[in-house]
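User: I am new to this structure. Could you take me through how to read its features?

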Amino acid sequence: GTIFLPDADKNYVKVVKAMQKKGYRIAKTYAEDKNGNIILGKDGLPKMVDDIDIRFAENAVPSGYEDVQMRFEKNGHLYELLFLPGPNYAAIKNKEHALVFENFRKYEAAKITDDDGAKQIRCFKSFSNYFLKRRFRKSR
């Protein structure tokens, strides 16, 4: 499910506590390093951590998109929650993804980096990063 929550990077804790009171627990997942490699414990087995991904500020994805993702477990079933700062944030994120990043990925996949289209995409991507990180954040 998706929850629109002001200051999601701080307020998600309130939802976690409420879910725990209802018998849910945070699911576990493999710990990964910054390159996505699984971290092994001293016993040689994969290290397990809470399945919470907080992508805000310096941990935001390269586009500036921010969210909190987590998984809960209850009675053997997994439930995923996605916390966004607000419905307007979700709308701009979806437009940005469709208009910029899908096209940018096509250019990168075709190894086209120096034509006018690639330059325009990079320019718009830079503007989009600024918009999401500065202006839009204030209007959530």
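Analyst: Start with contacts, meaning heavy atoms within 4.5 Å. Among contacts between residues at least 6 apart in sequence, 47% join residues at least 24 apart. This is a predicted model: local features need pLDDT of at least 70, side-chain atom pairs count only at pLDDT 80 or more, and totals for chains, interfaces and linings use all residues. Residues are numbered from 1 along each chain as its sequence is written, and side-chain values use heavy atoms, with hydrogens and water left out.

User: Which helices and strands does the chain have, and in what order?

Analyst: Both are DSSP runs, numbered from the N terminus: helices are H or I with at least four residues, strands are E with at least two. Here there are 3 helices and 7 strands. From the N terminus, the order is β-α-β-β-β-β-β-β-α-α.

User: How do I read an aromatic pair?

Analyst: Look at the distance of the ring centres and the angle of the planes. Rings of Phe, Tyr and Trp (its six-membered ring) pair if their centres lie within 6.5 Å; planes under 30 degrees apart are stacked, over 60 edge-to-face, the rest tilted. The count here is 3 aromatic pairs. Tyr12 and Phe83 form a tilted one, 6.5 Å centre to centre with 55° between the planes. Tyr12 lies in helix 1 (residues 8–21) and Phe83 in strand 7 (residues 77–84), so the pair ties together parts 71 residues apart in sequence.

User: Are Tyr12 and Phe83 buried or exposed?

Analyst: Buried means under 20% relative accessible area, exposed over 50%, partly exposed in between (1.4 Å probe, protein chains only). Tyr12 and Phe83 are both buried.

User: What kind of pair do Tyr24 and Tyr79 form?

Analyst: Their centres are 5.6 Å apart and their planes at 80°, so the pair is edge-to-face. Tyr24 sits in the loop between helix 1 and strand 2 (25–26), and Tyr79 in strand 7, 55 residues apart. Tyr79 is partly exposed, at 37% relative accessibility. Tyr24, Phe72 and Tyr79 form one aromatic cluster.

User: And the core?

Analyst: In soluble globular proteins, nonpolar side chains tend to be buried together. A nonpolar core is a set of buried Ala, Val, Leu, Ile, Met, Phe, Trp, Tyr and Cys residues joined through side-chain atoms within 4.5 Å. The largest one here has 13 residues, of which Met70, Phe72 and Phe83 touch the most other members. Helix 1, strand 6 (67–74) and strand 7 each give two or more residues. Helix 1 gives the largest share, 5 residues.
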